Amino acid sequence: TAFARTDAVEPKIHSYITETREQALNQAAAVDAKLTKGETIAPLAGIPGALKDNICTKGIKTTCASKILANFVPPYDATVVEKLAANDFVLVGKTNCDEFAMGGSTENSGFFATRNPWDTDRVPGGSSGGSASAVSAGQAIWALGSDTGGSIRQPAAYCGNVGLKPTYGRVSRYGLVAYASSLDQIGPFTRDVTDCALVLNAIAGHDAKDSTSINAQVPDYTKALVKDVKGLKIGLPQEYFAAGIQPEVAEAIQKAVAQLKAMGAEVKEVSLPHTQYALPAYYLIAPAEASSNLGRYDGVGFGHRAPGNDIIDMYKKTRSEGFGDEVKRRIMLGTYALSSGYYDAYYLKALQVRTLVKQDFDNVFQDVDVLIAPTAPTTAFKIGELSDPLAMYLQDVCTIPLNLAGLPGISIPCGFAQGLPVGMQIIGKPLAEATIIQTAYAFE
Ligand code: GLN
């Protein structure tokens, strides 16, 4: 049925850069064989899933939606892929995204834009737009994305599904092509919270190959699937309901919160005073890290190479041809912020702000168990509507602070505004994925 859905909707939606049907059929046959032999199979066995195309898959093209990696076939699997393989997974495709995960609409893909299944004139969000659209359109039952500043939660909100960004370090980044290494996390897109817990069970855990991976016990997240929020302390950060939030979005969240309150949760307003500085700090830190991470695409080790008169000419042509405008913009911004004379004024200042943002969260989490906020300030916008990069960056105000602080967050559907899905964000303490899953499940 996933293939049938893809045959029907892919020409309109364009979720995939690469479909992997043959691989999927082989994996499904292996599951069948196990069943025939009477062997036990994992909870995800045989369930079609998709991976964002910045997650390395051995023998399968991994492009990051960039022309510079258009023909790159990794020689190894990301740790999450190995873990999914141990869960008898079935991979149906690699999904479209903004080039190197830089963007919020999937319009920055070096190949084509993906469309929102709810309204094909609108964006699916981004950067993991193809993963979100594939799940919403029924082309995959689950998908993985990566979230550096909101790229799982925001597209999940726009496409009306569940998206979870784990605590930084909860899921291994080994084999995730780096955008901003201190912020990137892999996480699931699913249709409901139960599936979210199942996929997180499969991918979470310590990995010696990722030095930032946390060495802590992974709970069974399905144990959090209980309809109980009695006594749960919910904080509503007032800065996230301020001007700039579409009124219908704020209303839908308030309604959902009222429902949780009726179920026995305690709700109070809280303040995260440095919220307004998070966005500018992110747009210095992320490009700074990106400018360094993307230095490796020089036409020598792998990926696209343009012919040149000498090595410098070859570098220049390769990178000019291979990278799109947004990627180039970020490399320039990041290089500038890191250059001597500007480092203290920009990069170092941004790191100081990052600490203040983290302290805001530490303070409120003395008093509350979870925070609830909009995932994005508006519902999905029209393709081409936010052509000004700054306007696009502003879509990330509600998601970026969590990445700066390393916290887990889940976006779940909480109603509609003018026919388009609204996402509610539930934010947890470090490693409290089970708490946000429990809150989400109670509301669902
Ligand atoms: N929209 C943000 C950016 O452009 C977030 C992207 C992401 O999380 N990968 O950087």
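**Terms and their cut-offs**

Me: What makes strand β6 (residues 185–190) largely enclosed by the rest of the structure?

Reply: Six of the six residues of β6 are buried, so the strand is largely enclosed by the rest of the structure. A residue is called buried if 20 or more other C-beta atoms lie within 10 Å of its own, exposed if 12 or fewer do, and partly exposed in between, with C-beta atoms placed from the backbone. Strands are DSSP runs of E with at least two residues, helices are runs of H or I with at least four, and both are numbered from the N terminus. The model is predicted: local features need pLDDT of at least 70, side-chain atom pairs count only at pLDDT 80 or more, and totals for chains, interfaces and linings use all residues. Residues are numbered from 1 along each chain as its sequence is written.

Me: Why are β1 (16–19) and β8 (266–270) said to stand at the edges?

Reply: The open sheet has 11 strands, in the order β1-β3-β2-β4-β6-β5-β10-β11-β9-β7-β8, with mixed pairing. β1 and β8 each have a single partner strand, so one side of each is left without a neighbour in the sheet.

Me: Which sense of pairing links strand β10 (residues 409–417) with strand β11 (residues 420–428)?

Reply: Their pairing is antiparallel, over seven bridges. P413 has G423 in β11 as its bridge partner.

Me: What span is expected of helix α9 (residues 311–322)?

Reply: The expected span is 1.5 Å times one less than the number of residues. For the 12 residues of α9 this is 16 Å, and the helix reaches 16 Å from its first C-alpha to its last.

Me: Why are the buried residues of α9 said to line one face of the helix?

Reply: T318, R319 and G322 are buried in α9. Seen down the axis, the buried residues fall within an arc of 90°, so they line one face; the arc is that of the directions from the helix axis to the C-beta atoms. On the other side of α9, I312, D313 and S320 are exposed.

Terms used:
Two strands pair if DSSP finds at least two bridges between them.
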